[in-house]
Amino acid sequence: MQDFLNTLKINETNSGVSTGSHWFSSSINTSSASPVDGKTIGTVQLASGSDYETIIQEAQKAFAIWRSVPAPKRGDVIRQVGDGFRRYKKELGSLISYETGKSLQEGLGEVQEVIDICDFASGLSRQISGLTMHSERPLHRMYEQYHPLGIVGIITAFNFPAAVWAWNSALAWVCGDVTVWKPSPKAPLTAIACQKITAEIFTLNQVPEAVSSLLCGNNDIGELLSRDTRIPLVSATGSTAMGRKVAVAVAQRLGRSLLELGGNNAIIITPDADLQLALTASVFGAVGTAGQRCTSTRRLIIHSSIYDTFKNQLVKAYHQLKIGNPLEHGIHMGPLIDKAAVEGYLTAIDRCKEEGGAFLVEGGLLEGYGYESGCYVKPCIAEVNPDLPIVREETFAPILYIMKYETIEEAIAIQNGVSQGLSSAIMSTNLRETELFLSSVGSDCGIANVNIGTSGAEIGGAFGGEKDSGGGRESGSDSWKAYMRRQTNTINFGNQLPLAQGIKFDL
Ligand code: UN1
(Lines give C-alpha, C1' and ligand atoms only; values in the text may rest on other atoms or scores of the structure.)
Protein backbone atom coordinates (compact mmCIF):
# COMPACT_ATOMS: atom_id res chain seq x y z
CA MET A 1 0.00 0.00 0.00
CA GLN A 2 2.75 2.43 0.96
CA ASP A 3 4.63 2.03 -2.31
CA PHE A 4 2.58 4.38 -4.40
CA LEU A 5 2.49 6.94 -1.58
CA ASN A 6 6.29 6.90 -1.33
CA THR A 7 6.74 7.21 -5.08
CA LEU A 8 4.37 10.18 -5.12
CA LYS A 9 6.19 11.71 -2.11
CA ILE A 10 3.08 11.65 0.04
CA ASN A 11 4.13 11.59 3.70
CA GLU A 12 2.39 11.22 7.03
CA THR A 13 2.34 15.03 7.29
CA ASN A 14 2.04 17.09 4.15
CA SER A 15 1.83 20.76 3.37
CA GLY A 16 -1.27 21.52 1.35
CA VAL A 17 -0.18 25.01 0.35
CA SER A 18 2.32 25.68 -2.38
CA THR A 19 3.47 27.88 -5.18
CA GLY A 20 5.26 25.63 -7.64
CA SER A 21 7.84 23.65 -5.69
CA HIS A 22 7.73 25.95 -2.66
CA TRP A 23 5.65 24.48 0.16
CA PHE A 24 4.32 26.51 3.10
CA SER A 25 3.92 25.13 6.58
CA SER A 26 0.82 25.91 8.58
CA SER A 27 -0.65 24.99 11.92
CA ILE A 28 -4.17 24.31 10.60
CA ASN A 29 -4.37 20.58 10.06
CA THR A 30 -6.76 18.10 8.59
CA SER A 31 -6.36 14.47 7.72
CA SER A 32 -7.41 12.45 4.73
CA ALA A 33 -8.96 9.10 5.55
CA SER A 34 -9.50 6.44 2.93
CA PRO A 35 -13.10 5.28 2.47
CA VAL A 36 -11.60 1.95 1.36
CA ASP A 37 -10.39 0.87 4.80
CA GLY A 38 -11.11 3.87 7.02
CA LYS A 39 -7.40 4.41 7.71
CA THR A 40 -5.79 7.86 7.77
CA ILE A 41 -3.60 8.19 4.70
CA GLY A 42 -1.88 11.37 5.83
CA THR A 43 -2.43 14.73 7.42
CA VAL A 44 -2.54 17.96 5.46
CA GLN A 45 -1.69 21.49 6.55
CA LEU A 46 -4.34 23.91 5.30
CA ALA A 47 -4.04 27.49 4.10
CA SER A 48 -4.60 30.38 6.47
CA GLY A 49 -5.81 33.82 5.38
CA SER A 50 -2.24 35.12 5.22
CA ASP A 51 -1.12 32.11 3.14
CA TYR A 52 -3.94 32.99 0.77
CA GLU A 53 -2.67 36.54 0.41
CA THR A 54 0.92 35.40 -0.22
CA ILE A 55 -0.21 32.91 -2.86
CA ILE A 56 -2.28 35.47 -4.75
CA GLN A 57 0.60 37.96 -4.73
CA GLU A 58 3.00 35.29 -5.99
CA ALA A 59 0.48 34.29 -8.66
CA GLN A 60 0.30 37.90 -9.85
CA LYS A 61 4.10 38.03 -10.18
CA ALA A 62 4.16 34.73 -12.06
CA PHE A 63 1.46 35.95 -14.45
CA ALA A 64 3.53 39.02 -15.34
CA ILE A 65 6.20 36.65 -16.72
CA TRP A 66 4.16 33.69 -18.00
CA ARG A 67 1.81 35.73 -20.19
CA SER A 68 4.80 36.84 -22.30
CA VAL A 69 6.14 33.34 -22.90
CA PRO A 70 5.13 32.39 -26.48
CA ALA A 71 2.13 30.04 -26.50
CA PRO A 72 3.99 27.18 -28.30
CA LYS A 73 6.69 27.35 -25.60
CA ARG A 74 3.99 27.14 -22.94
CA GLY A 75 2.56 24.21 -24.88
CA ASP A 76 5.90 22.45 -24.81
CA VAL A 77 6.02 22.69 -21.01
CA ILE A 78 2.47 21.32 -20.78
CA ARG A 79 3.46 18.45 -23.08
CA GLN A 80 6.16 17.59 -20.54
CA VAL A 81 3.65 17.86 -17.68
CA GLY A 82 1.59 15.25 -19.56
CA ASP A 83 4.68 13.04 -19.73
CA GLY A 84 5.13 13.49 -15.97
CA PHE A 85 1.63 12.14 -15.45
CA ARG A 86 2.37 9.28 -17.87
CA ARG A 87 5.30 8.30 -15.64
CA TYR A 88 3.22 8.31 -12.48
CA LYS A 89 0.00 6.95 -13.99
CA LYS A 90 -0.08 3.73 -11.99
CA GLU A 91 0.84 5.33 -8.68
CA LEU A 92 -1.46 8.31 -9.04
CA GLY A 93 -4.31 6.11 -10.29
CA SER A 94 -3.84 3.99 -7.16
CA LEU A 95 -3.85 7.02 -4.87
CA ILE A 96 -7.03 8.35 -6.51
CA SER A 97 -8.65 4.96 -6.04
CA TYR A 98 -7.52 4.74 -2.41
CA GLU A 99 -8.42 8.31 -1.48
CA THR A 100 -11.82 8.50 -3.25
CA GLY A 101 -12.90 4.85 -3.39
CA LYS A 102 -13.37 4.69 -7.17
CA SER A 103 -12.21 1.51 -8.89
CA LEU A 104 -8.55 1.31 -9.90
CA GLN A 105 -9.63 1.15 -13.56
CA GLU A 106 -11.43 4.45 -13.10
CA GLY A 107 -8.50 5.91 -11.17
CA LEU A 108 -6.19 5.05 -14.06
CA GLY A 109 -8.78 6.43 -16.49
CA GLU A 110 -8.78 9.67 -14.57
CA VAL A 111 -5.00 10.04 -14.90
CA GLN A 112 -5.42 9.30 -18.60
CA GLU A 113 -7.81 12.26 -18.77
CA VAL A 114 -5.05 14.43 -17.28
CA ILE A 115 -2.61 13.16 -19.91
CA ASP A 116 -5.13 13.65 -22.72
CA ILE A 117 -5.90 17.25 -21.80
CA CYS A 118 -2.17 18.03 -21.60
CA ASP A 119 -1.78 16.66 -25.15
CA PHE A 120 -4.80 18.68 -26.22
CA ALA A 121 -3.44 21.89 -24.69
CA SER A 122 -0.03 21.28 -26.20
CA GLY A 123 -1.58 21.02 -29.69
CA LEU A 124 -3.79 24.02 -28.97
CA SER A 125 -0.69 26.09 -28.23
CA ARG A 126 -0.14 26.46 -31.99
CA GLN A 127 -3.80 26.95 -32.83
CA ILE A 128 -5.06 29.74 -30.58
CA SER A 129 -6.45 32.13 -33.12
CA GLY A 130 -9.06 34.79 -33.78
CA LEU A 131 -11.06 35.95 -36.76
CA THR A 132 -10.28 38.71 -39.24
CA MET A 133 -13.14 40.82 -40.58
CA HIS A 134 -13.56 43.22 -43.45
CA SER A 135 -13.82 46.79 -42.30
CA GLU A 136 -16.57 49.03 -43.66
CA ARG A 137 -13.96 51.80 -43.99
CA PRO A 138 -11.36 52.00 -46.79
CA LEU A 139 -7.73 51.23 -45.93
CA HIS A 140 -8.75 49.74 -42.59
CA ARG A 141 -8.28 46.27 -41.22
CA MET A 142 -10.14 44.56 -38.40
CA TYR A 143 -9.29 41.47 -36.45
CA GLU A 144 -9.68 39.99 -33.02
CA GLN A 145 -7.12 38.45 -30.77
CA TYR A 146 -7.15 36.54 -27.51
CA HIS A 147 -4.95 37.59 -24.60
CA PRO A 148 -4.25 35.88 -21.31
CA LEU A 149 -6.72 36.71 -18.55
CA GLY A 150 -4.71 36.50 -15.34
CA ILE A 151 -5.23 34.32 -12.30
CA VAL A 152 -7.73 31.49 -12.73
CA GLY A 153 -9.21 30.20 -9.46
CA ILE A 154 -10.08 26.52 -9.68
CA ILE A 155 -12.44 24.85 -7.20
CA THR A 156 -12.79 21.09 -7.66
CA ALA A 157 -14.84 18.27 -6.18
CA PHE A 158 -13.70 14.99 -4.62
CA ASN A 159 -15.05 12.74 -7.37
CA PHE A 160 -12.58 13.80 -10.07
CA PRO A 161 -9.77 15.05 -7.87
CA ALA A 162 -7.19 15.24 -10.69
CA ALA A 163 -8.94 15.35 -14.09
CA VAL A 164 -11.13 18.39 -13.52
CA TRP A 165 -8.17 20.38 -12.18
CA ALA A 166 -6.20 19.35 -15.27
CA TRP A 167 -8.99 20.34 -17.69
CA ASN A 168 -8.88 23.82 -16.22
CA SER A 169 -5.16 24.11 -15.58
CA ALA A 170 -3.83 22.80 -18.88
CA LEU A 171 -6.09 25.21 -20.78
CA ALA A 172 -5.39 28.12 -18.44
CA TRP A 173 -1.61 27.63 -18.67
CA VAL A 174 -1.57 27.33 -22.45
CA CYS A 175 -3.66 30.49 -22.61
CA GLY A 176 -0.97 32.28 -20.55
CA ASP A 177 -2.89 32.31 -17.28
CA VAL A 178 -1.73 31.13 -13.88
CA THR A 179 -3.83 28.90 -11.65
CA VAL A 180 -4.70 28.80 -7.96
CA TRP A 181 -6.34 25.52 -7.07
CA LYS A 182 -8.60 24.80 -4.12
CA PRO A 183 -9.17 21.05 -4.20
CA SER A 184 -11.89 19.24 -2.30
CA PRO A 185 -11.03 18.79 1.39
CA LYS A 186 -12.08 15.16 0.82
CA ALA A 187 -9.23 14.42 -1.60
CA PRO A 188 -6.31 16.72 -0.72
CA LEU A 189 -3.54 14.15 -1.13
CA THR A 190 -4.31 13.58 -4.80
CA ALA A 191 -4.07 17.35 -5.24
CA ILE A 192 -0.71 17.46 -3.46
CA ALA A 193 0.60 14.63 -5.69
CA CYS A 194 -0.60 16.46 -8.84
CA GLN A 195 1.06 19.67 -7.68
CA LYS A 196 4.34 17.82 -7.02
CA ILE A 197 4.39 16.15 -10.44
CA THR A 198 3.68 19.51 -12.10
CA ALA A 199 6.16 21.49 -10.02
CA GLU A 200 8.96 19.08 -10.94
CA ILE A 201 8.40 19.80 -14.65
CA PHE A 202 8.00 23.54 -14.08
CA THR A 203 11.28 23.70 -12.14
CA LEU A 204 13.13 21.79 -14.88
CA ASN A 205 11.85 24.33 -17.41
CA GLN A 206 12.46 27.36 -15.19
CA VAL A 207 8.80 28.24 -15.30
CA PRO A 208 7.93 30.91 -12.68
CA GLU A 209 7.11 29.23 -9.37
CA ALA A 210 3.52 30.31 -9.00
CA VAL A 211 2.14 29.45 -12.45
CA SER A 212 0.52 26.60 -10.53
CA SER A 213 -0.45 27.15 -6.91
CA LEU A 214 -2.26 24.93 -4.47
CA LEU A 215 -4.45 26.12 -1.62
CA CYS A 216 -5.86 23.24 0.37
CA GLY A 217 -8.56 24.59 2.62
CA ASN A 218 -12.23 24.67 3.43
CA ASN A 219 -15.15 26.75 2.17
CA ASP A 220 -13.55 29.96 3.47
CA ILE A 221 -10.82 29.65 0.84
CA GLY A 222 -13.44 29.16 -1.89
CA GLU A 223 -15.21 32.30 -0.65
CA LEU A 224 -11.98 34.31 -0.72
CA LEU A 225 -11.33 33.22 -4.30
CA SER A 226 -14.88 34.06 -5.36
CA ARG A 227 -14.78 37.57 -3.89
CA ASP A 228 -11.25 38.48 -4.99
CA THR A 229 -11.18 41.13 -7.74
CA ARG A 230 -7.64 40.01 -8.63
CA ILE A 231 -9.08 36.76 -9.96
CA PRO A 232 -10.84 37.39 -13.28
CA LEU A 233 -12.13 33.83 -13.68
CA VAL A 234 -13.31 31.31 -11.10
CA SER A 235 -13.99 27.83 -12.45
CA ALA A 236 -15.98 25.79 -9.96
CA THR A 237 -17.08 22.18 -10.09
CA GLY A 238 -19.43 20.74 -7.49
CA SER A 239 -23.01 20.89 -6.31
CA THR A 240 -25.59 23.30 -7.69
CA ALA A 241 -25.88 24.83 -4.20
CA MET A 242 -22.14 25.56 -4.14
CA GLY A 243 -22.22 26.89 -7.70
CA ARG A 244 -25.00 29.34 -6.88
CA LYS A 245 -22.91 30.84 -4.05
CA VAL A 246 -19.82 31.15 -6.24
CA ALA A 247 -21.86 32.63 -9.12
CA VAL A 248 -23.39 35.31 -6.91
CA ALA A 249 -20.08 36.29 -5.30
CA VAL A 250 -18.23 36.43 -8.63
CA ALA A 251 -21.06 38.27 -10.42
CA GLN A 252 -21.22 40.82 -7.62
CA ARG A 253 -17.74 42.00 -8.64
CA LEU A 254 -18.46 41.44 -12.37
CA GLY A 255 -15.92 38.64 -12.59
CA ARG A 256 -16.42 35.58 -14.73
CA SER A 257 -17.41 32.20 -13.46
CA LEU A 258 -17.33 28.86 -15.23
CA LEU A 259 -19.64 26.45 -13.49
CA GLU A 260 -19.84 22.71 -13.86
CA LEU A 261 -22.51 21.57 -11.41
CA GLY A 262 -24.88 18.73 -10.71
CA GLY A 263 -26.66 16.52 -13.18
CA ASN A 264 -29.72 14.29 -13.17
CA ASN A 265 -28.85 12.30 -16.22
CA ALA A 266 -31.20 9.94 -18.00
CA ILE A 267 -30.95 7.26 -20.66
CA ILE A 268 -33.97 6.71 -22.90
CA ILE A 269 -34.21 3.05 -23.90
CA THR A 270 -36.33 2.65 -27.00
CA PRO A 271 -37.95 -0.44 -28.56
CA ASP A 272 -35.20 -0.40 -31.22
CA ALA A 273 -32.35 -0.36 -28.73
CA ASP A 274 -29.58 -2.92 -28.73
CA LEU A 275 -30.44 -4.11 -25.24
CA GLN A 276 -27.00 -5.54 -24.54
CA LEU A 277 -25.40 -2.16 -25.19
CA ALA A 278 -28.14 -0.48 -23.20
CA LEU A 279 -27.53 -2.78 -20.25
CA THR A 280 -23.78 -2.21 -20.00
CA ALA A 281 -24.17 1.55 -20.54
CA SER A 282 -26.86 1.79 -17.86
CA VAL A 283 -25.04 -0.26 -15.24
CA PHE A 284 -21.68 1.48 -15.77
CA GLY A 285 -23.44 4.85 -15.78
CA ALA A 286 -25.25 4.12 -12.51
CA VAL A 287 -22.59 2.33 -10.46
CA GLY A 288 -19.36 3.72 -11.93
CA THR A 289 -17.62 5.87 -9.26
CA ALA A 290 -20.43 4.53 -7.01
CA GLY A 291 -22.87 6.92 -8.69
CA GLN A 292 -20.76 9.91 -7.68
CA ARG A 293 -20.08 11.41 -11.10
CA CYS A 294 -21.89 14.53 -12.15
CA THR A 295 -22.54 12.49 -15.31
CA SER A 296 -23.79 9.36 -13.47
CA THR A 297 -26.94 7.78 -14.86
CA ARG A 298 -29.72 8.41 -12.35
CA ARG A 299 -32.83 7.73 -14.46
CA LEU A 300 -33.74 5.13 -17.08
CA ILE A 301 -36.76 6.02 -19.20
CA ILE A 302 -37.78 2.71 -20.77
CA HIS A 303 -40.40 2.05 -23.45
CA SER A 304 -43.36 0.01 -22.18
CA SER A 305 -42.92 -2.70 -24.88
CA ILE A 306 -39.47 -3.70 -23.58
CA TYR A 307 -39.89 -2.54 -20.00
CA ASP A 308 -40.26 -5.92 -18.33
CA THR A 309 -37.56 -7.62 -20.42
CA PHE A 310 -35.04 -4.87 -19.75
CA LYS A 311 -35.98 -4.58 -16.09
CA ASN A 312 -35.32 -8.29 -15.56
CA GLN A 313 -31.93 -8.08 -17.30
CA LEU A 314 -31.02 -5.08 -15.18
CA VAL A 315 -31.94 -6.75 -11.91
CA LYS A 316 -29.93 -9.83 -12.92
CA ALA A 317 -26.90 -7.67 -13.76
CA TYR A 318 -27.13 -5.86 -10.41
CA HIS A 319 -27.05 -9.19 -8.58
CA GLN A 320 -23.74 -9.97 -10.29
CA LEU A 321 -21.99 -6.75 -9.29
CA LYS A 322 -18.88 -7.09 -7.14
CA ILE A 323 -18.60 -4.48 -4.43
CA GLY A 324 -15.44 -4.23 -2.40
CA ASN A 325 -11.90 -2.88 -2.20
CA PRO A 326 -11.65 -0.80 -5.38
CA LEU A 327 -7.93 -1.44 -5.69
CA GLU A 328 -8.58 -5.13 -6.22
CA HIS A 329 -8.96 -6.56 -9.69
CA GLY A 330 -12.50 -7.24 -10.93
CA ILE A 331 -14.33 -5.02 -8.44
CA HIS A 332 -17.12 -3.02 -10.07
CA MET A 333 -17.86 -0.64 -7.26
CA GLY A 334 -15.99 0.64 -4.22
CA PRO A 335 -17.25 2.68 -1.27
CA LEU A 336 -18.91 6.08 -1.17
CA ILE A 337 -16.58 8.94 -0.29
CA ASP A 338 -17.52 9.19 3.41
CA LYS A 339 -20.18 8.52 6.04
CA ALA A 340 -22.00 11.77 5.23
CA ALA A 341 -22.47 10.46 1.68
CA VAL A 342 -23.83 7.20 3.14
CA GLU A 343 -26.33 9.25 5.19
CA GLY A 344 -27.44 11.10 2.07
CA TYR A 345 -27.89 7.79 0.25
CA LEU A 346 -29.94 6.23 3.06
CA THR A 347 -32.12 9.32 3.40
CA ALA A 348 -32.83 9.34 -0.35
CA ILE A 349 -33.88 5.68 -0.20
CA ASP A 350 -36.24 6.39 2.72
CA ARG A 351 -37.70 9.38 0.93
CA CYS A 352 -38.15 7.41 -2.28
CA LYS A 353 -40.11 4.76 -0.37
CA GLU A 354 -42.23 7.38 1.39
CA GLU A 355 -43.01 9.02 -1.94
CA GLY A 356 -44.18 5.71 -3.40
CA GLY A 357 -41.09 4.31 -5.16
CA ALA A 358 -40.85 0.49 -5.25
CA PHE A 359 -37.39 -1.03 -4.90
CA LEU A 360 -36.57 -3.88 -7.31
CA VAL A 361 -33.06 -4.18 -5.90
CA GLU A 362 -32.87 -3.08 -2.29
CA GLY A 363 -30.25 -0.66 -1.06
CA GLY A 364 -28.56 -0.50 2.32
CA LEU A 365 -25.27 -0.37 4.13
CA LEU A 366 -22.82 -3.23 3.66
CA GLU A 367 -21.30 -4.44 6.90
CA GLY A 368 -18.78 -6.99 8.03
CA TYR A 369 -15.40 -8.14 6.78
CA GLY A 370 -13.95 -5.81 4.13
CA TYR A 371 -16.56 -3.14 4.75
CA GLU A 372 -15.21 -1.79 8.07
CA SER A 373 -14.88 1.80 6.85
CA GLY A 374 -18.68 2.10 6.99
CA CYS A 375 -18.79 3.65 3.50
CA TYR A 376 -19.83 0.64 1.40
CA VAL A 377 -23.42 0.52 0.19
CA LYS A 378 -25.53 -1.59 -2.15
CA PRO A 379 -26.34 -0.18 -5.57
CA CYS A 380 -30.12 -0.20 -5.86
CA ILE A 381 -32.94 0.23 -8.35
CA ALA A 382 -36.35 1.75 -7.72
CA GLU A 383 -39.37 1.78 -10.00
CA VAL A 384 -40.84 5.28 -9.80
CA ASN A 385 -43.20 7.84 -11.18
CA PRO A 386 -40.98 10.44 -12.94
CA ASP A 387 -42.56 13.30 -11.00
CA LEU A 388 -41.54 12.17 -7.51
CA PRO A 389 -39.63 15.00 -5.79
CA ILE A 390 -36.70 12.70 -4.90
CA VAL A 391 -36.31 11.64 -8.54
CA ARG A 392 -35.89 15.26 -9.53
CA GLU A 393 -32.99 15.74 -7.12
CA GLU A 394 -29.38 14.71 -7.60
CA THR A 395 -28.34 12.21 -4.93
CA PHE A 396 -24.63 11.48 -5.27
CA ALA A 397 -24.98 7.71 -4.79
CA PRO A 398 -25.75 4.51 -6.72
CA ILE A 399 -29.55 4.82 -6.75
CA LEU A 400 -31.10 4.20 -10.15
CA TYR A 401 -34.70 5.24 -10.85
CA ILE A 402 -36.54 3.49 -13.65
CA MET A 403 -39.74 4.62 -15.31
CA LYS A 404 -41.94 3.79 -18.30
CA TYR A 405 -42.88 5.78 -21.41
CA GLU A 406 -45.16 5.32 -24.42
CA THR A 407 -44.10 7.88 -27.05
CA ILE A 408 -40.67 9.31 -27.84
CA GLU A 409 -42.03 12.83 -27.28
CA GLU A 410 -43.13 11.78 -23.81
CA ALA A 411 -39.70 10.25 -23.10
CA ILE A 412 -37.95 13.47 -24.12
CA ALA A 413 -40.33 15.50 -21.96
CA ILE A 414 -39.53 13.29 -18.95
CA GLN A 415 -35.81 13.51 -19.68
CA ASN A 416 -35.99 17.33 -19.85
CA GLY A 417 -38.43 17.66 -16.97
CA VAL A 418 -35.83 18.20 -14.26
CA SER A 419 -33.95 21.34 -13.24
CA GLN A 420 -30.55 19.92 -14.20
CA GLY A 421 -29.27 19.67 -17.78
CA LEU A 422 -25.87 18.05 -17.88
CA SER A 423 -25.84 14.73 -19.73
CA SER A 424 -28.35 12.53 -21.55
CA ALA A 425 -28.46 9.54 -23.85
CA ILE A 426 -30.75 7.56 -26.10
CA MET A 427 -30.38 3.90 -26.96
CA SER A 428 -31.87 3.31 -30.38
CA THR A 429 -31.12 2.12 -33.89
CA ASN A 430 -34.06 4.11 -35.21
CA LEU A 431 -32.78 7.19 -37.04
CA ARG A 432 -36.04 9.09 -36.62
CA GLU A 433 -35.89 8.77 -32.87
CA THR A 434 -32.17 9.45 -32.45
CA GLU A 435 -32.31 12.53 -34.67
CA LEU A 436 -35.38 13.85 -32.85
CA PHE A 437 -33.51 13.38 -29.57
CA LEU A 438 -30.56 15.40 -30.91
CA SER A 439 -32.69 18.10 -32.56
CA SER A 440 -33.64 21.50 -31.13
CA VAL A 441 -36.78 19.94 -29.64
CA GLY A 442 -34.81 17.02 -28.23
CA SER A 443 -32.54 16.79 -25.21
CA ASP A 444 -31.93 20.10 -23.44
CA CYS A 445 -28.61 18.95 -21.95
CA GLY A 446 -25.05 20.06 -22.67
CA ILE A 447 -24.20 16.46 -23.55
CA ALA A 448 -26.50 14.23 -25.62
CA ASN A 449 -25.26 10.79 -26.65
CA VAL A 450 -26.54 8.03 -28.91
CA ASN A 451 -25.91 4.40 -28.04
CA ILE A 452 -23.46 5.19 -25.26
CA GLY A 453 -24.17 6.08 -21.65
CA THR A 454 -24.30 9.46 -19.93
CA SER A 455 -20.86 9.34 -18.32
CA GLY A 456 -17.34 8.92 -19.61
CA ALA A 457 -17.04 11.93 -21.92
CA GLU A 458 -13.84 12.33 -23.94
CA ILE A 459 -11.76 15.44 -23.31
CA GLY A 460 -11.96 16.61 -26.95
CA GLY A 461 -15.55 17.84 -26.64
CA ALA A 462 -16.70 20.83 -24.63
CA PHE A 463 -17.90 19.54 -21.27
CA GLY A 464 -20.72 21.09 -19.28
CA GLY A 465 -24.45 21.50 -19.01
CA GLU A 466 -27.42 23.83 -19.03
CA LYS A 467 -29.93 25.02 -16.43
CA ASP A 468 -28.94 24.07 -12.87
CA SER A 469 -25.87 22.29 -14.27
CA GLY A 470 -24.28 25.72 -14.53
CA GLY A 471 -23.85 26.61 -18.21
CA GLY A 472 -20.05 26.46 -18.26
CA ARG A 473 -17.96 24.57 -20.80
CA GLU A 474 -14.61 23.08 -19.88
CA SER A 475 -12.11 20.80 -21.55
CA GLY A 476 -12.08 20.43 -25.37
CA SER A 477 -13.45 22.19 -28.46
CA ASP A 478 -13.27 25.98 -28.06
CA SER A 479 -13.66 25.98 -24.25
CA TRP A 480 -10.23 27.68 -24.13
CA LYS A 481 -11.94 30.96 -25.04
CA ALA A 482 -13.32 31.17 -21.51
CA TYR A 483 -9.75 31.43 -20.23
CA MET A 484 -8.78 34.41 -22.36
CA ARG A 485 -9.89 37.98 -22.91
CA ARG A 486 -10.94 38.87 -26.41
CA GLN A 487 -9.82 42.08 -28.01
CA THR A 488 -11.11 43.59 -31.25
CA ASN A 489 -8.52 45.62 -33.16
CA THR A 490 -9.23 48.08 -35.94
CA ILE A 491 -6.21 49.46 -37.80
CA ASN A 492 -6.25 52.46 -40.11
CA PHE A 493 -3.39 52.36 -42.62
CA GLY A 494 -4.67 55.29 -44.74
CA ASN A 495 -4.20 59.04 -44.34
CA GLN A 496 -7.88 59.89 -43.73
CA LEU A 497 -10.03 59.34 -40.65
CA PRO A 498 -13.38 58.12 -41.98
CA LEU A 499 -15.80 57.42 -39.13
CA ALA A 500 -17.89 54.28 -38.90
CA GLN A 501 -21.62 54.52 -39.66
CA GLY A 502 -20.81 57.33 -42.12
CA ILE A 503 -20.71 59.99 -39.41
CA LYS A 504 -19.21 63.32 -40.55
CA PHE A 505 -17.03 65.19 -38.09
CA ASP A 506 -14.73 67.74 -39.72
CA LEU A 507 -12.40 70.03 -37.86
C1 UN1 B 1 -17.52 14.99 -13.12
O2 UN1 B 1 -18.17 14.08 -12.64
O3 UN1 B 1 -17.45 16.11 -12.52
O4 UN1 B 1 -17.68 12.33 -18.39
C5 UN1 B 1 -16.72 14.90 -14.35
C6 UN1 B 1 -17.27 11.83 -17.34
C7 UN1 B 1 -15.87 12.18 -16.91
C8 UN1 B 1 -15.87 13.47 -16.17
C9 UN1 B 1 -16.89 13.62 -15.10
N10 UN1 B 1 -15.03 12.26 -18.05
O11 UN1 B 1 -17.93 11.05 -16.69
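Modeller: Domain bounds come from an automatic or database domain assignment, and here the protein chain is divided into domain 1 (2–25 + 38–261 + 470–487) and domain 2 (265–450). This is a predicted model, in which local features need pLDDT of at least 70 and side-chain atom pairs count only at pLDDT 80 or more, whereas totals for chains, interfaces and linings use all residues. Residues are numbered from 1 along each chain as its sequence is written, and side-chain values use heavy atoms, with hydrogens and water left out.

Biologist: How far apart are the C-alpha centres of domain 1 and domain 2?

Modeller: They lie 31 Å apart, and the contact (heavy atoms within 4.5 Å) takes 18 residues from domain 1 and 17 residues from domain 2.

Biologist: Which polar side-chain atoms lie within reach of a ligand oxygen?

Modeller: A polar contact is a pair of N or O atoms within 3.5 Å. A side-chain N or O atom of Thr295 is 2.7 Å from a ligand oxygen, one of Arg293 is 2.8 Å from a ligand oxygen, and a polar side-chain atom of Glu260 lies 3.4 Å from one. By the Shrake-Rupley method with a 1.4 Å probe, the protein covers 99% of the 320 Å² of accessible area that the ligand has on its own.

Key
Polar contact = N/O pair within 3.5 Å; in protein donor to acceptor, adjacent residues only side chain to side chain.
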